[in-house]
Amino acid sequence: MNGLNTVLIVLGLFLAGGVYSFQKQKMPKSVIVLLALGSAMCLAAGILRIQGIW
């Protein structure tokens, strides 16, 4: 596991926490959806890099 994998996974988890926080604060749905998409993309990219697929 190299540095980029770690950064992608940590960033994805950070964004996932932001989704939870924004949802509790009743932020606009569009912001929550964009944050959730960013989180999913970072987590997926980190996992794919660990697996050696990307």
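**Figure 1. Surroundings of Cys42.** Apart from residues within four places of it in sequence, Cys42 is in contact (heavy atoms within 4.5 Å) with Leu8, Leu11, Gly12 and Leu15. The structure shown is a predicted model, in which local features need pLDDT of at least 70 and side-chain atom pairs count only at pLDDT 80 or more, while totals for chains, interfaces and linings use all residues. Residues are numbered from 1 along each chain as its sequence is written, and side-chain values use heavy atoms, with hydrogens and water left out. Leu11, one of the contacts of Cys42, is found in helix 1. Helices (H or I, at least four residues) and strands (E, at least two) are DSSP runs, numbered from the N terminus. Between the C-alpha atoms of Leu11 and Cys42 the separation is 6.7 Å, although the two residues are 31 residues apart along the chain. Leu11 is classed as partly exposed because its relative accessible area is 37%; under 20% is buried, over 50% is exposed, and partly exposed lies in between (1.4 Å probe, protein chains only).

**Figure 2. The protein as a whole.** The protein contains two helices and zero strands. Its C-alpha atoms fill a box of roughly 40 × 15 × 10 Å, taken along the principal axes. Of the 54 residues in the protein, 26% are buried. Accessible surface amounts to about 3900 Å², and 74% of it belongs to carbon and sulfur atoms; such areas come from the Shrake-Rupley method with a 1.4 Å probe, and for residues only the protein chains shown count as cover. When contacts between residues at least 6 apart in sequence are considered, 62% join residues at least 24 apart.

**Figure 3. The largest nonpolar core.** Five residues make up this core: Leu15, Val19, Ile32, Leu35 and Cys42. Helix 1 (3-24) and helix 2 (29-51) are the elements that give two or more residues to this core. Helix 2 gives the most, with three residues. A nonpolar core is a set of buried Ala, Val, Leu, Ile, Met, Phe, Trp, Tyr and Cys residues joined through side-chain atoms within 4.5 Å. In soluble globular proteins, nonpolar side chains tend to be buried together.

**Figure 4. Helix 2 and its covered residues.** The 23 residues of helix 2 should span 33 Å at 1.5 Å a residue, and this agrees with its end C-alpha atoms, which are 33 Å apart. The expected span is 1.5 Å times one less than the number of residues in the helix. Ile32, Leu35, Gly38, Ser39, Cys42, Ala45 and Gly46 are the buried residues of helix 2, and what covers them includes helix 1. Ser39 is counted as buried because its relative accessibility is 5%. Beyond its neighbours within four places in sequence, Ser39 is in contact with Gly12, Leu15 and Ala16. Just after helix 2, Gly52 adopts a positive phi of about 80°.

**Figure 5. A nonpolar patch on the surface.** Val33, Leu34 and Leu37 form this patch, and together they have about 300 Å² of accessible area. Leu37 belongs to helix 2 and is partly exposed, with a relative accessible area of 49%.

Figure 6. Asn5 lies in helix 1 and counts as buried because its relative accessibility is 4%. Not counting residues up to four places away in sequence, Asn5 touches Gly46, Arg49 and Ile50. Asn5 and Ile50 are 45 residues apart in sequence, with 6.6 Å between their C-alpha atoms. Ile9 also lies in helix 1; leaving aside neighbours within four places in sequence, Ile9 is in contact with Leu43, Gly46 and Ile50. Ile9 and Val31 are 22 residues apart in sequence, and their C-alpha atoms are 20 Å apart in space.

**Figure 7. Lys26 in the loop.** Lys26 lies in the loop between helix 1 and helix 2. Its phi is near 60°, a positive value in a residue other than glycine. Most residues other than glycine have a negative phi. Lys26 is exposed because its relative accessible area is 72%.

Terms used. Patches are made of residues with over 30% relative accessible area and no salt bridge: like charges are joined within 9 Å, nonpolar side chains (Val, Leu, Ile, Met, Phe, Trp, Tyr) within 5 Å. A salt bridge is a side-chain nitrogen of Lys or Arg within 4 Å of a carboxyl oxygen of Asp or Glu.
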